[in-house]
Amino acid sequence: MEKALIAFAAALAVGIPALATAYAQAKIGSTGAGTVAEKPETAGVMVVLEAIPETMVILGFVVAIMLILRFA
């Protein structure tokens, strides 16, 4: 039972940030596309802004690994 709860917690640690990241990237992507269409010189900044939400998933993945390996 304890292993199932740990696996469920690890899945939540990755799943919830992944959903939040998808939502944020959708909003940033649509806005970024409009911004780049008006000002092409902002393309580099938009790529960086699109990548920033990915850190949430990476941190969630690290937490999941810590839960599975019981570092926490």
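Start by selecting Glu2, which is exposed, with a relative accessible area of 51% (exposed is over 50%, buried under 20%, partly exposed in between, with a 1.4 Å probe and protein chains only). Before moving on, note that this is a predicted model, in which local features need pLDDT of at least 70, side-chain atom pairs count only at pLDDT 80 or more, and totals for chains, interfaces and linings use all residues. Residues are numbered from 1 along each chain as its sequence is written, and side-chain values use heavy atoms, leaving out hydrogens and water.

Arg70 sits in the segment after H3 and Glu2 in helix H1, so the pair ties together parts 68 residues apart in sequence. The structure holds one salt bridge.

Now show H1 (residues 2–38) and H3 (residues 54–69): their axes come within 8 Å and cross at roughly 180°. Axes are lines fitted to C-alpha atoms over the stretch in contact, with angles from 0 to 180 degrees between N-to-C directions. The helices, DSSP runs of H or I with at least four residues, are therefore roughly antiparallel (over 145 degrees).

Finally, zoom in on Thr21 in H1, buried at 3% relative accessibility. Leaving out residues up to four places away in sequence, Thr21 touches Pro53, Glu54, Met56 and Val57 (contact means heavy atoms within 4.5 Å). A polar atom of the Thr21 side chain lies 3.1 Å from the backbone oxygen of Pro53.

Key
Helix = DSSP H or I, 4+ residues; strand = E, 2+ residues; numbered from the N terminus. Parallel < 35°, antiparallel > 145°, perpendicular 65-115°, else oblique. Polar contact = N/O pair within 3.5 Å; in protein donor to acceptor, adjacent residues only side chain to side chain. Salt bridge = Lys/Arg side-chain N within 4 Å of Asp/Glu carboxyl O.
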